[in-house]
Amino acid sequence: MSDFLETLLGERLVDSEKAEVDVQSLGARLSLVGLFFGCSLNAPCKQFNGSLCEFYSRFKKSSEHKDKLEIVFVSSDQDQKHWQDFLHEMPWPALPFKDRHKKMKLWNKYKITSIPSLVFVDAATGKVVCRNGLLVVRDDPKGLEFPWGPKPFAEVVSGPLLRNNRQTTDSSSLDGHYVGVYFSAHWCPPCRSLTRVLVESYRIIKESGHKFEIVFVSADRSEESFQQYFSEMPWLAIPYSDEARRSRLNRLYGIQGIPTLILLDAEGHVITRQGRVEVLNDPECRLFPWHPRPVLELSESNAAQLHEGPCLVLFVDAEEERELDPAKELIQPIAEKLMAKYKAKEEETPLLFFVAGEDDMSDSLRDYTNLPEAAPLLTILDMSARAKYVRDVEEITPAVVELFVNDFLAEKLKPEPI
């Protein structure tokens, strides 16, 4: 266990007194590590830190599992004094300030897109146990549900579901269905835009004969707003008054922003977390139920995924959609091989794959990342680390791509700043 933690966190952490904390001795007793991603200059982080300190203190004093949990602060501070001052408020250790590389690897590995974030991971394997620890701190202040592992969707959603005619049905009516779990709110303009498209997608899928249902999990700020918004939806919803069930679903899927549409298969397993992108890219629902594709064509609707971790982007000289097919076919076997490898380990793939032609989206990305105009151009972009890796060769072959990917994953490539 401690060997893995050393790989994940390094050999030494530091505490508020600048004393070194030996990770190997720490790992001997732990079963769960909470990675607290934050920044001293971020007001929500400061506020959450107060709540987390109370939670931690209570857990360490009264829980029978007190020796099985540790928190580690992963800072995005740029100023060492600000970092040190913030660390003085914490009773747990932190990654050393100068270890920026290790911090960035953790940000990418756990796909952190906002702060504060608290991710609970298995100390022996590093696998995510609970992605939304902020809700654990709020909903389970005494730590009675430790270790907060994922429960089956059917168990978490269990109970009455509303229809917009105010009638109810039991959640067991979802059995045997594909299910879209839709996290949304009326006050959010992108949510309202997606809902309009999703209503039509829902109609098409149902009329095609698929057993499909959507469950709306509201983030509205009042019952009145919820009722107004839900009146536009032909599907089911968690009652607004059932805040505990809504929160458990947010916790189960680690929701960090809205709108989010999670697609589940008939057994309740996640097919994709990118339902929003799929609905917008496939208005006729021809690819439903939207199993993940190894290679995506870069578009405005999926460009946000560039910020979710490192992405391989192959830029080619193509203006029409079908002209991208040869590029996709070139890198697809490598993407499929990587996906299969990490799926077997029950881990998310560490690299997404895109092809990009000649259009405004590609031009904007090239300008933003200061890439050369060459085509074809093979790149890996790590937006959160503001780093890029470029392989500018005359001919891009599968062997060139595979070596580039393997060298990146083995950390053999030297990054250039974005």
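Guide: Asp363 is partly exposed, with a relative accessible area of 38%, where buried means under 20%, exposed over 50% and partly exposed in between (1.4 Å probe, protein chains only). The model is a predicted one, in which local features need pLDDT of at least 70 and side-chain atom pairs count only at pLDDT 80 or more, while totals for chains, interfaces and linings use all residues. Residues are numbered from 1 along each chain as its sequence is written, and side-chain values use heavy atoms, with hydrogens and water left out.

Together with Glu300, Asp317, Glu323, Glu358, Asp359, Asp360, Asp367 and Glu373, Asp363 forms a negative surface patch (residues with over 30% relative accessible area and no salt bridge, like charges being joined within 9 Å).

By contrast, Asp140, in the loop between α6 (133-139) and α7 (153-157), is buried yet has no salt bridge (a side-chain nitrogen of Lys or Arg within 4 Å of a carboxyl oxygen of Asp or Glu); the nearest side chain of opposite charge, Arg251, is 5.8 Å away. Thr349, in the loop between α12 (325-344) and β16 (352-356), is also buried, with a relative accessible area of 17%, and, apart from neighbours within four places in sequence, is in contact (heavy atoms within 4.5 Å) with Lys111, Leu338 and Tyr342. Gly180, in strand β9 (residues 178-184), is buried at 1%.

Technical notes
Helices (H or I, at least four residues) and strands (E, at least two) are DSSP runs, numbered from the N terminus. Lys and Arg count as positive and Asp and Glu as negative; His and the chain ends are not counted. Patches are made of residues with over 30% relative accessible area and no salt bridge: like charges are joined within 9 Å, nonpolar side chains (Val, Leu, Ile, Met, Phe, Trp, Tyr) within 5 Å. Accessible areas come from the Shrake-Rupley method with a 1.4 Å probe; for residues, only the protein chains shown count as cover. The place of a charge is taken as NZ of Lys, CZ of Arg, CG of Asp or CD of Glu.
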